[in-house]
Amino acid sequence: MTSLREAQRSRSGSNILSILIAVAEEEDSHEQLFEDGVALTKQYEATRADLDDLATAISKLRRAVELMPNDHSDRALRLAWVGHSLWLRSKRTGDLQDIADAISAEQRALELTPEGHPDMAERLANLGTSLWSRFKRIGDLQDLTEAISAQERALELTPDGHPDMALRLNNLGTSIHSRFERIGDLQDLTEAISAQERALELTPDGHPDMALRLSWLDHSLWSHFKRTGDLQVLDEAISMEHRALELTPEGHPDMPVRLANLGNSLRSRFNRTGDLQELAEAISAQQRALELTPEGHQYMAQQLANLGMSLWFRFQRTGDLQDLAEAILAQQRGLDLTPEGHPYMAQQLANLGMSLRSRFNRTGDLQDLAEGISAQQRALELTPEGHPDMALQLAILGNSLLARFQRTGDLQDLAEANSAEQRALELIPEGHPDMALRLHGLSASLWSRFKRTGDLQVLAEAISANQRALEITPEGHPDMALRLANLAYFFKTRFGSTSDIHDFTEALSKYSTSATSTFGPPDIRLQAAKDWAGLLEKHNPGSPEILTAFDTAIRLTTLTTTLDQVLENRYSRLVDTSGVALRAASAAFALGRVHKALEWLEQGRCHVWRQLTSLRTPLDDLRRYDSHLAESVVRLSKKLEDAGSARIAARSGMSMAEKVSLEDQARDHMKSAREWDDLLAEIRAAPGFERFLEPSPWHALLPHLPEAGHAVIVNVDTRRCDAIVLSAGRSTPLHIPLPSFSLAKCKQYRQDLTDQLQAHDYRERGLSVAMVPEQGAEFRGVKKFKNEATVVHVILRGLWQDLVKPIIQALGIANIPASSTVAAPRIWWCPTGPLSFLPIHAAGIYTSASTECLLDYAVSSYTPTIAALTDRVSSARPIQKAVSGLFMTCQPNAPGRSHIPETTTEVQSIYDLARMEGMRAQQFDGSAITPATCLDSMEQFSSVHLACHAYQDATNPLDSCFLFHNGSLDLLAILQRHLKDADLAFLSACQTGTGSEKLPDEAVHLAAGMLAAGYRRVVATMWAIQDEHAPAVAKDFYQYLLNHRDPADGSAFDGTDSARALHHATQKLKIRLGDNSDRSLLAWIPYVHFGY
């Protein structure tokens, strides 16, 4: 008899069925039935496609055994074939009855096989495989013991040089490995790997089972890593998995399992190194494995569970709720497909419980936590005593019980959590890589008990457990930073109770080590840096170490929002770091380090716009040095800009193929970001390019300041408020403390202004900025307001007296009478925090008797950062005559928005003025232009005037847009055009200069977006503007610019004097309004100027 599932590799080809049909034998002939059954079984083995063929084979083979005489010499052979075919079907379906029947048939065949028979070894080996299969399905150790015994005996009977020696060694190794997984004896794992390595050595190159044997060995090596933490072993396993996949042809039935194994190993490496690229590749492999697994396959549940765990780990790292939702969905579906009694049931329940607990942590829904605990308790019940997973199950349950105690205060939960963590620690063997994790978990539950009881002895135990965890955490482990930070917190807490200087020193040391670690998630290290600085500020405020702590924090802030993330995720992560730069600057001011405060305010704010700007940096110098490097920057910049601006799609309704494609795009994005980092490192190694695309040191800003004015950055923090003034010709920054201003005042002014605008039906960013008015269309997107109030007066007076006037006085700027011909100086305001939402440019005292305001002293502009201003000064160049001019459009009837008829008047009056002055101009109204043709015109004209509705998206600012009759012109589309000649943009729409309240220092508004797109100056609005006044403001603005053109320029047009033009236009509106009522103030104040 030829070898059945081990060595039989003969294939009868695609003509088997036709041969069967042609056979002219009696249907009930047992010989023919046997031959037909064998042929169909072989055909199924060759294709693994048609289960109906295999069912027919089983039926024929069983019938052949029934019809043959009891004393027939081939009865053992036919029983062996029956067992083999049943085993094949159980392998595909997981049917327990098939496995049981296969074992029964193989045991009967073995009983009929005499000692010394040449098929004895084969039948023992096959019986061992079937017993092992049943063990994998129900977890009965007796089956595994019998399987190993049969396989060992088969190996003893196999002579050296036998072609089946390698296969039998591999199968024995696999069974011994399963015993290790069930019992945890490292000796078993060593023997399993030894057997599988011998099997691999005996397998010649090109052998069809090479991939299979590589796959089994790499699985054992993966287990070795999980038990010992040896990264070199894991690397070897991954290398083998890659090789096994290379040898596996497309469409092979084992492809899904091998992809899943690779995914598990890559996820393990991520858990050890913290490298998100590894996790992305793991998820991609597991998604593809799931896609290739047929419905109804017994491995489907495990594939779903594997993917669910990887998605959960990524959620833990990134906080992406879509990953968590998908993880829970996959785990629940996997659990539904897992039959009762399956040995994987406990693990799947425990993992689902972890995911539900994570959702509770995000949403606070106690039902999720209750379901998670219930699943984990059931998992514990299903885990047999002595199982290696028992410690893990106890620890997982302990964590969830602790979470419920922290929410409800139920001491029973705390007691059970402590007990579970203690028992988990007792069960884990010395040297196990999870020992540190178990100790850290125990320290967390002890900490909670201390918080409830105040018992310092319990706190000491928590500290001791955490210290032990740290001692055995390997260098470079991503959890090191978290464990250090937690230990620091414990020491800080004890210092608060005992005032023991040792505890204070230890807390500082651990925070410092955590923050400056090169491993671990940046957000964990950033929090450690903030806590490090906070501890010093509270207990040693004069320490220069505060500067080191904040320096670290500012650097880590940039690492939380990297180019491998889409913009939406970058902005959401910045919410958690908002205010770090302001707090750092405040500390620097207190220590007399004004230069450091300036650098931090520049480096710690406007992260995303700075990234976008860096991707568009002029490369003339680099191109001269190395054109290849310059082209690489251009290529990668484009890729990163496109990838970063991708919209986050809802994945819930996607097919697996679509999810795989999306994951591939994300991995490519991550790869491009790494290439970018490597490219920057290469460029910075070149002489003269050491600081290429790095934030400028403070002194690098000075040479490029505007000549006629001052740049003023105002820091607003809880402890103090300060201004820094940079002026051309001055070699050092001027520090102006603002003791009468405060963050509390600033927030109150912001809230009062918000309330006033809402009371008058001005819409805040985030609601529709273009609502249908109840009575007419007097406002661009808002109704008329009615009641007068003095709230605005109070705000403007406070800004003037406590903030602006002290700066004006320190600079020695004098009031300029209206009749004077002296040009007022320029001031570029760079506000921080909630001050970004207040009208500094309009600060003043406005009464019926007299007025004193900033307008009488200077012309105001705004800039997101000082670097944004100096970059425009340094890159200033004449506008090409071919593009000099003004393109304008009005969109009075955008679908779903209120009618704004005066936009037509506005644009027509500007166009008429331009033509009268001989200026190059182009005008399109309403449906005469589309967003695409508008972009074409923006490339052909240096200046643009958009009179329309606008929408600002704080979640993804690149989705912010101008609303046209025929669609919308979004900021992303503008950024994607190369507007190299862009000069002036007048955004005559609502709230185009208002940012996001959650991200006040990120300049999340259309005006900043237009600056990022290349425009040198932008006119925008802080809130809704009145439709009736807008045409006059715009016409006065352009009339001023045209009146002040250099006659030598002829018909050329630029926005150099745009700030003075807006100052002039709003002054004229103020005079026309005739009073200083809140109604009048709110009409002219919203107009603001950004840029140079």
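Predicted model: local features only at pLDDT ≥ 70, side-chain atom pairs only at ≥ 80, totals over all residues.
**Strand E7**

I started with strand E7, residues 859-862, and asked which of its residues are buried.

Next I looked up a pairing of E7. Strand E4, residues 826-831, runs parallel to E7, and four bridges join the two. I picked out Ile827, whose bridge partner in E7 is Ser860.

**His1063**

I then followed a contact of Val859 to His1063. His1063 lies in helix H42, which spans residues 1058-1073. Is His1063 buried or exposed? Its relative accessibility is 15%, and because the cut-off for buried is under 20%, His1063 counts as buried. Apart from neighbours within four places in sequence, its contacts are Leu855, Ala858 and Val859.

**Helices H14 and H15**

I turned to helix pairs. Two packed helices are described by the angle between their axes and the distance between the axes. For H14 (residues 300-318) and H15 (residues 321-337) I have an angle of about 160 degrees and axes 7 Å apart. H14 is therefore roughly antiparallel to H15, as angles over 145 degrees are classed that way. The crossing of this pair is left-handed.

From H14 the contact takes in Met300, Ala301, Leu304, Gly308, Met309, Leu311, Trp312, Arg314, Phe315 and Thr318. On the H15 side I listed Leu321, Asp323, Leu324, Glu326, Ala327, Ala330, Gln331, Arg333, Gly334 and Leu337. By class, the contact of H14 with H15 holds 12 nonpolar, four polar and four charged residues.

**Helices H18 and H19**

H18 covers residues 390-408 and H19 covers residues 411-427; they pack at about 155 degrees with their axes 8 Å apart. H18 and H19 are therefore roughly antiparallel to each other. I recorded a left-handed crossing for H18 passing H19.

H18 contributes residues including Met390, Leu394, Gly398, Leu401, Arg404 and Phe405. Among the residues of H19 in this contact are Leu411, Asp413, Glu416, Ala420, Arg423 and Leu427. I sorted the residues of the contact of H18 with H19 into 13 nonpolar, three polar and five charged.

**Helices H24 and H25**

How do the axes of H24 (residues 522-539) and H25 (residues 545-560) cross? They come within 8 Å and cross at roughly 160 degrees. H24 is therefore roughly antiparallel to H25. H24 passes H25 in a left-handed crossing.

In H24 I noted Pro522, Arg525, Leu526, Trp532 and Leu536 among the contact residues. H25 brings residues including Ile546, Phe550, Ala553, Leu556 and Thr560. The contact of H24 with H25 divides into 12 nonpolar, four polar and four charged residues.

**Whole protein**

Last, I took the overall figures. The protein has 43 helices and 16 strands. Of its 1092 residues, 57% count as buried. Its C-alpha atoms fill a box of roughly 125 × 75 × 60 Å along the principal axes. Among contacts with a separation of 6 or more, 71% are between residues 24 or more positions apart.

Note on methods:
Residues numbered from 1 in each chain as written. Heavy atoms only, no water. Axes fitted to C-alpha atoms, helices over the stretch in contact; angles between N-to-C directions. Parallel < 35°, antiparallel > 145°, perpendicular 65-115°, else oblique. Left-handed = near helix turned anticlockwise from the far one by under 90°. Contact = heavy atoms within 4.5 Å. Nonpolar A, V, L, I, M, F, W, Y, C, P; charged D, E, K, R; others polar. Buried < 20%, exposed > 50% of the residue type's maximum accessible area, 1.4 Å probe, protein only. Pairing = 2+ DSSP bridges.
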